[in-house]
Amino acid sequence: MRFWDWQADARRTTRWLLLLFAGCVLVSLAAVHGGLTLAWWLLFSHAGMDYPKGFVLTNVGVTLLLILGGWWLTREELSQGGQKLAQRIGARQARPTQGQAEQQLCNIVQEMCVAAQMQPPQVVVLARTDAINAFAAGWTQDDAIVAVTQGALDYLTRDEMQGLVAHELSHLKEGDTLLNMQLAGMVSGLELVYNFGDTVRERGGLAWWFGTVVMAAGFVGWCSGRLLKAAVSRQREYLADARAVQWTRSRDALGGVLRKVMTQRQAAAQFRGGWRGDARSHAGLNHPLVQHMLLAETPDSSKLEHWLDAHPPLEARVERIYGRPMRGLPLRACAANP
């Protein structure tokens, strides 16, 4: 895997997607104003009525206020910090003195932080979660966490745990948690425009026409924003995968993790009717604030096929790491190595 090339490609694609996202917001502003202008012209042009004073400023100002208001509300919800989020989903602080596996995890986090030249985050464990998974969160270095599931502790070798931790540290070092927070806020703002149009529409009469225009513009902007946000998130996952290969100098480190996740999900779907029926498998991971942060998205977490998935397919990530398709690896309980 040419990890330097993949990193450059992921960063370049991210920049283009962010420009498109900014364009989506601007187009939404223009669409609301243009739609309201057209509605006014259709309804009142025959009566010779001019546009009200401040018509443009009001249209753009109210729309921008809704978008920024939705962004601010979501930002406030998400800015409580990584440690608060860990508490909300039932994670606990790692206990290196009470088990060899958690001692090894804490050691690996320290080692990989040296390789990444960054301050070590707090290590937490989702002790009730059997799925192999992890996530990183935190808006500042002092509040950053790396959360690892019990399934990862049980089934990953030391090298594979290094790959998993390196992937999550990349998200912290590259500022992906902050980026996702900002994009989620803007998407919420575009949704607020849609909801505002729906509210105006319910009043009937002339308000129905103007509300319909705002609602339509907001819906298009909201859907486009969600698609672009998911696309950005997928590129950041590819970037974190490449970072993990760079820092561990091994394809099998992270590659082994992803291949074991593939096996775990295939076995669960075959013998237990799918993971959605197993409450313990993904305990704590289905929280809406966590989904986009995970190493691997929980199954069936997205609608509209896979357009809104925050992660690329596991098979595609594995193929990119190895340069060819690879099968899943068998799951065996791994005794932690000191």
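Ala-267 sits in helix H9 (residues 251-271); helices here are DSSP runs of H or I with at least four residues, numbered from the N terminus. Leu-331 is 64 residues away from Ala-267 along the chain, and the C-alpha atoms of the two are separated by 10.0 Å.

A quick word on the model itself. It is a predicted one, where local features need pLDDT of at least 70, side-chain atom pairs count only at pLDDT 80 or more, and totals for chains, interfaces and linings use all residues. Residues are numbered from 1 along each chain as its sequence is written, and side-chain values use heavy atoms, leaving out hydrogens and water.

Now for how the helices pack. Two packed helices are described by the angle between their axes and the distance between the axes. The axes are lines fitted to C-alpha atoms over the stretch in contact, and the angles run from 0 to 180 degrees between N-to-C directions.

| Helix pair | Angle | Axes apart |
|---|---|---|
| H8 (residues 206-248) and H10 (residues 314-322) | about 40° | 11 Å |
| H6 (residues 158-173) and H8 | about 125° | 8 Å |

Angles under 35 degrees count as roughly parallel, over 145 as roughly antiparallel, 65 to 115 as roughly perpendicular and the rest as oblique. So H8 is oblique to H10, and H6 is oblique to H8.

Who touches whom? Contact means heavy atoms within 4.5 Å. From H8, Glu-237, Tyr-238, Asp-241 and Val-245 meet Ala-316, Arg-317, Arg-320 and Ile-321 of H10. That H8 and H10 contact splits into 4 nonpolar residues, no polar ones and 4 charged. For sorting, Ala, Val, Leu, Ile, Met, Phe, Trp, Tyr, Cys and Pro are nonpolar, Asp, Glu, Lys and Arg are charged, and the others, Gly among them, are polar.

The contact of H6 with H8 includes Gln-162, Gly-163 and Ala-166 from H6, and Arg-236, Glu-237 and Trp-247 from H8. Its residues divide into 6 nonpolar, 6 polar and 5 charged.

Just after H10 comes Gly-323, with a positive phi of about 85°.

Terms used:
Helices (H or I, at least four residues) and strands (E, at least two) are DSSP runs, numbered from the N terminus.
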